[in-house]
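Please keep the two chains open side by side while reading this note. The points are meant to be followed one at a time, with each part located in the structure before moving on.

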Amino acid sequence: MSTPKLPKIPKQEPGKVRDKTVLAPREDRLGSIIVAGGTAKNLVDQTRRKCLKNQDRSFSQTTFCQQWLAIFTLATIKDTVVIVHGPVGCISSLPYINVFNRLGQIHRNGKPVSGRWISTNLLEADTIYGGEEKLRTAIQSAEERYHPGAIFVFTSCVSGIVGEDIDAVIESIQPKIKATVIPIHCDGFRSKLWASGYDGSFHGVLNYLIKGPVEKKADLINVINPLTIGRPDEVEIERLLGKLNLRANFIPCFASIDAIKESASAALTTGLCPTYGEYLAKILGERYRIVATQKVMPIGLANTDLWLREVARPLGKEKEVEKLIKEERARVKPQIDALKKKLAGKKVFVSAGQSRAVGIPNLVADLGLEIVGVTAFHYDEVTHDSFADLTRRCGNFPTSVANLQPFEQTNLLHQQKPDIFIGHSGETVWAAKQGFPTVMGLNLFHLFVGYDGVVTFGNRLVDAFANPAFNRNLSAHSKNVYHNDWYTADPFKYIREAACHR
Amino acid sequence: MPPVILDTPRHSCALGGALSTVSAITGFVPILHAGPGCGGQVFYGQNFTSGYRGSGPLGGVSIPSTNTYEQEVVFGGEGRLREQIRTTLELVKGDTYVVLTGCTVGLIGDDVRAVVQEFKSGKTRVVYAETPGFKGGSNEGYEIVLNALIDQLATKKPKIKSRVNILGIVPSQDVFWQGNLSEIERILTSLGLEVNTFFNGIPLEEAGAAALNIVLSPWVGISVAENLKKRFGTPYLVFPLPVGATDTTAFVKKIGTTLKIKTADIIKEEERRLYQYIDRISDFLVDFDVQLHFATVSDAGDAVALNRFLVADLGWLPSVAVVTDQVPEKYRAAIHKSLNLGEGITPKILYESDSWKIWEAVEKEKPAFILGSSLDKDTAERIGAWRLSISFPVTDRVVLDRGYAGYRGATTLIEDMLSAIVAPF
């Protein structure tokens, strides 16, 4: 394992960097794909031979767009307002995101306060005459009503197609507004990868909120935290980093604007999900000379080892980290051995975001479960190495790349017949309706990360096996929504060549 | 004038309303011809935030959708739609497939009608509605899609004397839609009527067979009733959702006189049953002196329903009724009339969809009880008011078959409101 090299230092002076271009989507920047079907080894081989190309589905089901994930990225930052420049529907799930917001605040011992969100309510006439005046009104209202530190302006399909120049609106109104107004380019149709939305959000934050030069703090570690990582995980990370005498600066979720600004002074950036933090870590590194390490999620024993080593080594803490790993592994071993006795040999199908689709299989392999299938929501170089490691560890298994698409999952599960399904919110209910025991692969109440995460998640699996009554009953009262021949057909029947890369 | 901006809106878009409506009709399969995130966004933003209404048989992230990306935006999406309809028919069970268009398709100008027409000869039915989000809110989406479905599916049928259609209850936008509809259906069935709610399994194509259309909102659904009147000559009556003894009895009498049905026995029995329970809570109401000044923050339908019930039946005093949906001007006089509650009692009526202005207005009135949405939590806390979530969105309650309509809904509403008061004890 090589020591991470210090990144290239940009020519620009830190603090004056502002990349005004709209960032290329992940399919162009990282060669990411959302459609593949076959086996894990095929996927690894094709990636290695650089012949992995995007395909399309001739049947598809609705999914998430990059704008939604862009909002998820920034909606919980304290003292900010979300503006969506689009029709009212493009902001309509904010009360849902607000559930996570309030829950997260409760878990952080705060009195929950709801987020702030404003729609420019673009109507038919605005698609003809333009909606820039409405955007001005929205920004002014956000300022007058809430006096926030920052205002995020998210674009939409409509604002993109009709050609609204939000950057110009923001530039002209900023002198009259105390809050920093930040454009977030995330038109839903412009990327097939919802993960491009993370980048659009971080691009805005990096260009408008984070400034240098700054004083370096040798013990401060940026830990990029997606909203799907719960507070119990953060507490565990704080504990582990504390053993190395390091402090975690969790950004962006539930962070203050100051904490986000402080990220420029950190000694190192890591993340709890490489897929999520890829761009932020990279650019923080380039602009402020901060080592960026995020190869894997710290989920499962080996990946937690790797995650900790990646943090410790650049900071000269090799000895400390080896001692920590040894101690922690020894501490949880009896509990894991006990769990293995209950769980070994159970067949599991895992569906998750790209990084978790590596993390969870590694975790359940630690507990002796057998992987009979993995679905990743997209696939690219960010997790290629760690996915290849997974195949070396767990052998070959059916693999699909799908941005949800429960019809494929239904077929795969019917054919693979796992003992348990581990999935993401929105998709897991379909496995439950098929009668499979299920456990959520992300759950804000439970610990996933670190050594204790293996134990906690193991106990959760034991519970799911102990009483699968709910899903069994649900299944008995659910009807097949697909025609019967689908359940035995080729699961990848509807995958076809793409018309173009995007 | 439609609102310029919407701070913390209380509805989704036209597509959201249309999708939750189509998803509520048995056997109907929606096919979105829309952006990749529209289905996900409005599932979480219209259904899930409506008391955690889940996917159902084919909702949530399993809704068939063309997921229009840059390729379709630039080169047109008709080919992709044709492919998606073909594969959906092949893969997904259903008897009627409804293409719903989103904003991107509305802007690029696909000829959806022509593509749908190509599937006419097949044995399954494929219809469509143009529901780009920029056409308006959820209530507008409900009207657009029901009108489109009736235009394309309903045919002239012999009138059934005992058949009525119910309009004006928008699934998910009315968080209690299912409970409300089943109570209305229960009452009308007890009068010997057969009720088509469009969501209870009676075929939508029989819309023209009804003897009467009943619109349970001061405005939502009237355009559909007008459409049915024009096409099938069906008369309609507008009676905003009745809650409690006074209004429900008036409703039953009105149906009785319109359709020449005897109602006296039914009314007597229902009122007896309701007051048996109201009697049970009367000690608490009297001992704790629970006569409160209240505010409602809701769509026009619930504003009328709740103010009338709380004033006429419970004897409470209205402070402000905030009407949060965008009621066309021509329907407002009727709303004012419904909210003139006699003996000089009438709430201040504020038509406002922007939540910040709503919170400001409610704070100024300082009601003791707020019937609003979970969005009003922080405001209620600031002014020390009791609160119950009864209007969209509702994220602090789980709603299954609960409803507040009619005689039985009144007991449920009293339970829930007074439970909010006793909760800390």
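Predicted model: local features only at pLDDT ≥ 70, side-chain atom pairs only at ≥ 80, totals over all residues.

1. Sorted by class, the contact of α3(A) with α9(A) has five nonpolar and seven polar residues, and no charged ones.

2. Where the two chains meet, chain A gives 61 residues to the contact and chain B gives 64. Several elements of chain A each supply at least two residues of the side that touches chain B, including α3, α4 (94–107) and α17 (406–416), but α6(A) gives the most, with five residues. By class, this side of chain A has 33 nonpolar, 20 polar and eight charged residues.

3. One residue to look for is A:Ile118, whose bridge partner in β1(B) is B:Asp7.

4. Chain B is divided into domain 1 (14–153), domain 2 (163–259) and domain 3 (276–422). The centres of domain 1 and domain 3 of chain B, taken over C-alpha atoms, are separated by 34 Å, and the contact takes six residues from domain 1 and nine residues from domain 3. On the domain 1 side of that contact there are one nonpolar, five polar and no charged residues.

5. Chain B also holds an open sheet of four strands, with parallel pairing and the order β6-β5-β7-β8. Strands β6 and β8 of chain B stand at the edges, each with a single partner strand, so one side of each has no neighbour in the sheet. Neighbouring strands are turned by 25° against each other on average, direction ignored.

6. Within this part of chain B, β5(B) and β6(B) pair in the parallel sense over three bridges, and B:Asn165 has B:Asn196 of β6(B) as its bridge partner. Helix α9 of chain B, residues 222–232, lies across β5, β7 and β8 of chain B, and runs at about 170° to β7(B).

Definitions and conventions. Residues numbered from 1 in each chain as written. Chains lettered and ligands numbered in written order. Nonpolar A, V, L, I, M, F, W, Y, C, P; charged D, E, K, R; others polar. Contact = placed C-beta atoms within 7 Å. Pairing = 2+ DSSP bridges. Domains from an automatic or database assignment. Axes fitted to C-alpha atoms, helices over the stretch in contact; angles between N-to-C directions.
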